[in-house]
Every structure is written in structure tokens, then in C-alpha cells.
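Hi everyone, thanks for making time for this one. Please bring the structure up on your screens, and we'll walk through it together.

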Amino acid sequence: MAKRTEDAGVRRGTRQDYPEDRFDRVERTGRVGAHRVTARPRYTWQYIIAALLGFAVLTTLGVLTVHTIGDSGKLPISGTSPSASAEQSAPEAKLDPDATVAILNGTTTENLAAALDQIISTEKWGSILFSGSAAESNVEISAVFYSDPADAPAAAGLAAKLGGLSTYTTSDYDSYNAKLVVLLGADYQGPGLAEAAEMTATAAATPGGEISMGNETVPEGTPEIDPATGWEIDPATGFPIDPATGLATDPAAATS
């Protein structure tokens, strides 16, 4: 035990002196006091909610993007839902004069199919099988369709001549039995517009004048007319039917 110094009794009440020990030799530092770091609570549920919200936002954006891409390829094809899909790479454009062509006028412009029919035939851009009105007259986008991939060059070549139309593959028009089908819409700015306007004006200026709408097939059940007499032709005998008697009459026998 540490001993008091000799004058401890004289200086009672004052500071007492003790021998130096190991606590007097503590290394001096600049640190003052002790500081504790208070641990903050971890709210794990906040991270989970943030992750779920982020996943939902990304999923929504992905769905919207897919729908946007899917809708961008649709064309207002008359009478049928489009199954056409754009080619991944543009084929080499090469006109084929022997490629059979069907022209469908999906606009309100009269005689447009007939005018384009004449141009394609004259320029030998293809061989016309049919030209006439589409099922509807409110088509917006013009295009050239084909079903056989081998006809892609011919479709691209004809599309280029018609003002740079897009080409698509589809089987919707196979009933026309044509390799290429030209669908004319409201955006059409290719050849034939001026010619169609001229044909319409000529028909309007001619009393009772009618202009052919193209190579339209005669609807099934429509009676044939004898050009000489103007009478209907009896399909059984091939003779015109006299409207006075209602009987099929041989014109040669009637005039003899």
C-alpha cells in the first residue's frame, strides 16, 4: 500500500501526493472522451417495396413497347385482317413483265385501277389479271403484296415504279391467283392519278358515257348481253332472248 509522506498530517485537507505508478505513465493522445456510433435500424421492407415497384415499371414499359412494335406493322387491308409481315432485308428490285398482277382500288378516286391497269400493261411492268375496286374505299396505306418469297424481287421492282410502295408477304389475296397484288390507299401518289382524273372527266362530259373500271370479272349470275340486239343471251342455247316472246331466237333465222 502506498505510504503517506512525512508532512501529510500538517497539510491535511490539501492534495495528497502518492508515489508514481503505471497509471501515471499512460500514453497521451489527442482523443477526448469516448464516442459511440449509434446503430441505425435497417428497414429491409423498404428495399423490397422499391424492388417490386421497379420491376412493375420495367414490365409495363416492356409490354407497351411490344404493343407499339406490333401495331406499327399493321396495314388496313380491305375485308381481311392483315397477316402480312415486312421483309427483314430489302430484296433486289427486278421487274418481271410476266408476273401476274391484281390491282385493288381502295380509295374514292374513280377509275384509278383502270388507269393504273393501262400504265402497267403499256410499260410492261407486269401482266394484269384483275383491276377493280377493293372491298372498301377507306384504305389508308398503299402496298404491294405477294405470297411466294420467290416473287419478292418482282414485288420490289413494281413497288419502286409505283412511287416507292412498301412490299409485304401475305396469303390474304390468294383468291385472285395473281403473283402480285397492288392495294391502292389514300396515301398513293404514284402514276395513274392524272390519267384517272382525265378518264373521269371524259366520262362526265359524254352523255351516257361510261368508262371501264378495269379488267373486272363479271359477277356470277349476271346475264350476258348480245351486242347486236341488246337482248339477254340464253345460257342454254346461246341465242338472244326476244323480249316480246321470251323465247331464245336465232338472229339469222329471224332475219331470213
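Let me start with a term: on a 1 Å grid over the protein atoms alone, a cavity is a set of points where a 1.4 Å probe fits but cannot get out, and lining residues have an atom within 4 Å of a point. Now the ground rules. This is a predicted model, where local features need pLDDT of at least 70, side-chain atom pairs count only at pLDDT 80 or more, and totals for chains, interfaces and linings use all residues. Residues are numbered from 1 along each chain as its sequence is written, and side-chain values use heavy atoms, with hydrogens and water left out.

So, which residues line the largest cavity? They are Phe 145, Tyr 146, Ser 147, Thr 170, Tyr 173, Asp 174, Ala 178, Lys 179 and Val 181. By class, that lining has five nonpolar, two polar and two charged residues. Here Ala, Val, Leu, Ile, Met, Phe, Trp, Tyr, Cys and Pro count as nonpolar, Asp, Glu, Lys and Arg as charged, and the others, Gly among them, as polar. The space inside is about 60 Å³, a volume being the space filled by probe spheres set on the points, with grid points joined across faces, edges and corners. The structure holds one cavity of 30 Å³ or more.

Stepping back to the fold, the protein chain has five helices and eight strands. Helices (H or I, at least four residues) and strands (E, at least two) are DSSP runs, numbered from the N terminus. In order, they read α-β-β-α-β-β-α-β-β-α-β-β-α.

On to burial: buried means under 20% relative accessible area, exposed over 50%, and partly exposed in between (1.4 Å probe, protein chains only). Of the chain's 256 residues, 27% count as buried.

Two asparagines are worth a look. Asn 111 is not a glycine, yet has a positive phi of about 65°. Its place is the loop between strand 2 (100-105) and helix 2 (112-123). Is Asn 111 buried or exposed? Asn 111 counts as buried, because its relative accessibility is 4%. Asn 177 also has a positive phi, of about 55°, and sits in the loop between strand 5 (166-169) and strand 6 (180-184). At 64% relative accessibility, Asn 177 counts as exposed.

Finally, a contact across the sequence. Glu 198 is 87 residues from Asn 111 in sequence, but their C-alpha atoms are 9.2 Å apart. Glu 198 lies in helix 4 (residues 193-205) and is exposed, because its relative accessibility is 55%.

Definitions and conventions. 1 Å grid on protein atoms, 1.4 Å probe; cavity = no way out; pocket = protein on both sides within 12 Å on 5 of 7 lines; lining within 4 Å.
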